[in-house]
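Here is a short tour for anyone meeting this structure for the first time.

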There are 2 protein chains.
Amino acid sequence: MNADRQAVTVVGLGSMGSALAGALLDRGHPTTVWNRSAGKARPLVDRGARAAAAPREAIEASPVVIACVLDYAALHTVLDPVAGSLAGKVLVNLTSGSPEQAHEAAAWARSHGADYLDGAIMTTPPGVGDHGMMFLYSGPHAVFEAHRPTLAALGDPLHLGADPGLASLYDSALLGLMWAAMTGWLHGAALVGAEKVPAADFTPLAIRWLTTVTGFLTTYAPQVDAGRYPGDDATVDVQIAAIDHLLHAAKARGVDNALPELLKSVMESAKAAGHGPDSYASVIEVLRKPVEAR
Amino acid sequence: MNADRQAVTVVGLGSMGSALAGALLDRGHPTTVWNRSAGKARPLVDRGARAAAAPREAIEASPVVIACVLDYAALHTVLDPVAGSLAGKVLVNLTSGSPEQAHEAAAWARSHGADYLDGAIMTTPPGVGDHGMMFLYSGPHAVFEAHRPTLAALGDPLHLGADPGLASLYDSALLGLMWAAMTGWLHGAALVGAEKVPAADFTPLAIRWLTTVTGFLTTYAPQVDAGRYPGDDATVDVQIAAIDHLLHAAKARGVDNALPELLKSVMESAKAAGHGPDSYASVIEVLRKPVEAR
């Protein structure tokens with residue numbers, strides 16, 4: 001323990017909550033933990049944590065309370081009965097949820113006299129404590145700044161704005177990018193795998209290619225903001241021609257084409273809206289309208 | 001011009017072919033160009049290229065002939081009448097197509113006494129000549145090695161193997177990853193954009209997040225090759241729970257959910273196949289079967 005380090009309580013000791021508490025202990029924060037099933041606390045107690053016997057005792061132990069439970073229903077089950085203990089505390093809620101749930105939780109915390117930061121953890125449990133990993137926060141800037149040194153024990157803390165819903169909004173947007181990228185990568189691995197290319201050979205090229213793709217994103221971001229999509233580098237028409245090679249090659253090798261077929265249909269919607277000669281960034285125009293409205 | 005540099009002919013002067021010829025000129029290669037519509041050659045002639053009057057003259061001008069035309073139909077329209085001139089040359093075919101088309105072109109070139117490399121350009125025309133950009137080649141290793149210094153004028157040349165279809169197979173696989181990632185990024189930009197977050201603010205975080213995601217790919221590649229997917233870091237079940245937050249947040253903001261709905265259905269197919277407690281890499285098991293077979 002380190003006397004100049006903020007005391008922190010962690011509520012919820014699933015694999016992520018346990019990783020959070022472990023990172024705090026590693027940085028010398030006096031750390032109190034609580035979990036519904038007490039057995040989860042044992043490895044942390046062995047590393048120097050104090051196990052609280054009940055939620056109220058956990059909250060009263062520290063000025064900063066980090067909550068990381070299964071969902072908002074679990075959050076309220078734990079905290080509602082002891083809401084009176086939150087006055088004067090900072091509740092840092094790292095439970096996954098929607099922006100709307102974050103707004104409600106922020107209002108609920110304020111009504112009980114607590115400061116509130118909503119957060120999202122952009123890594124898996126083994127990445128917690130690594131300064132390269134992003135932890136996204138939203139809520140009052142002053143509250144974030146006051147506790148930045150503590151939050152830095154968990155990863156690289158980034159403040160997105162005062163609206164408490166922003167962290168979970170970004171979280172969903174970034175996870176959507178991850179699922180799309182991971183599924184696209186797996187589709188590619190299945191395709192080359194049909195020709196006996198190991199995923200371990202394909203993946204370094206895929207990772208290097210993603211660096212090239214991030215260059216395209218950097219080019220396209222200001223196009224999205226300007227609503228103008230000059231197709232100087234590559235057009236939607238060119239992409240539509242190229243995706244047929246993928247569909248053909250994958251079909252011939254028994255690889256499910258649902259993902260590239262959907263991507264082609266999105267490109268064709270953009271073309272139908274007049275974006276054939278524009279850059280791929282123009283596809284955002286058709287994503288902004290629900291399918292029924294196309 | 002540089003006397004120790006290989007003379008090269010470029011057939012096809014669309015934006016990509018023109019970029020290839022320009023990169024060769026920049027590195028001092030004696031460069032002959034030909035295009036169906038002769039006007040495209042003019043800017044390159046101004047930079048030192050020689051414009052051939054006809055395909056035969058173009059091919060006879062250099063031991064290395066790089067072809068970059070619209071498609072394989074265009075390739076054969078240009079080269080079939082002058083196939084006899086290819087004997088003893090190296091044909092480097094950078095025309096986009098399928099692995100099957102590459103196999104046929106390789107056999108055709110061999111039947112006319114030419115060496116053949118198939119290639120794929122993993123950048124847009126403005127990236128040609130940049131050593132960070134990948135150029136993928138497949139075909140005889142000795143032919144690749146003999147011409148590597150010339151190919152290095154265009155970008156970073158990587159040899160994938162002797163099978164001439166490998167370059168276009170990897171090309172399709174990598175483009176599929178690109179379309180998935182770019183569409184996922186645009187979906188995220190549309191989602192945060194609904195809350196007035198500029199794409200220029202979201203994109204640096206998206207790019208940093210992709211670096212974290214590439215760490216997941218590095219973890220998952222050997223799982224794919226082993227056919228075992230331990231869910232130590234995050235399970236398919238966890239992803240299914242999280243994607244509902246994205247669907248909810250996007251629907252509430254009028255963003256088209258076709259992509260995340262498809263991704264969720266793929267995850268649910270993996271769960272139905274028993275992969276709920278496994279890592280996301282297990283999703284490849286359902287991609288290997290066509291939809292009808294699920």
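A salt bridge here is a side-chain nitrogen of Lys or Arg within 4 Å of a carboxyl oxygen of Asp or Glu. This is a predicted model, and by that rule it holds 20 salt bridges over all chains. Three of them are set out below.

| Pair | Closest N to O distance |
|---|---|
| A:E195 and A:R253 | 2.7 Å |
| A:R253 and B:E100 | 3.0 Å |

Let us start with A:E195 and A:R253, which form a salt bridge. A:E195 sits in the loop between helix 7 and helix 8 of chain A, and A:R253 in the loop between helix 9 and helix 10, so the pair ties together parts that are 58 residues apart in sequence. A:E195 is partly exposed at 33% relative accessibility, while A:R253 is buried at 17%.

A:R253 also forms a salt bridge with B:E100. That pair crosses between chains, ending in helix 5 of chain B, where B:E100 is partly exposed at 27%. A:E100, B:E195 and B:R253 are likewise linked in a network of salt bridges.

How many salt bridges does the rule find across the interface of chain B and chain A? There are four.

The contact itself takes 96 residues from chain B and 97 residues from chain A. About 8,600 Å² is buried between the two chains, with carbon and sulfur atoms giving 77% of that area.

How values were computed
Residues are numbered from 1 along each chain as its sequence is written. Chains are lettered from A and ligands numbered from 1 in the order in which they are written. This is a predicted model: local features need pLDDT of at least 70, side-chain atom pairs count only at pLDDT 80 or more; totals for chains, interfaces and linings use all residues. Side-chain values use heavy atoms; hydrogens and water are left out. Contact means heavy atoms within 4.5 Å. Buried area is the accessible area (1.4 Å probe) that two parts lose on being put together, summed over both. Helices (H or I, at least four residues) and strands (E, at least two) are DSSP runs, numbered from the N terminus. Buried means under 20% relative accessible area, exposed over 50%, partly exposed in between (1.4 Å probe, protein chains only).
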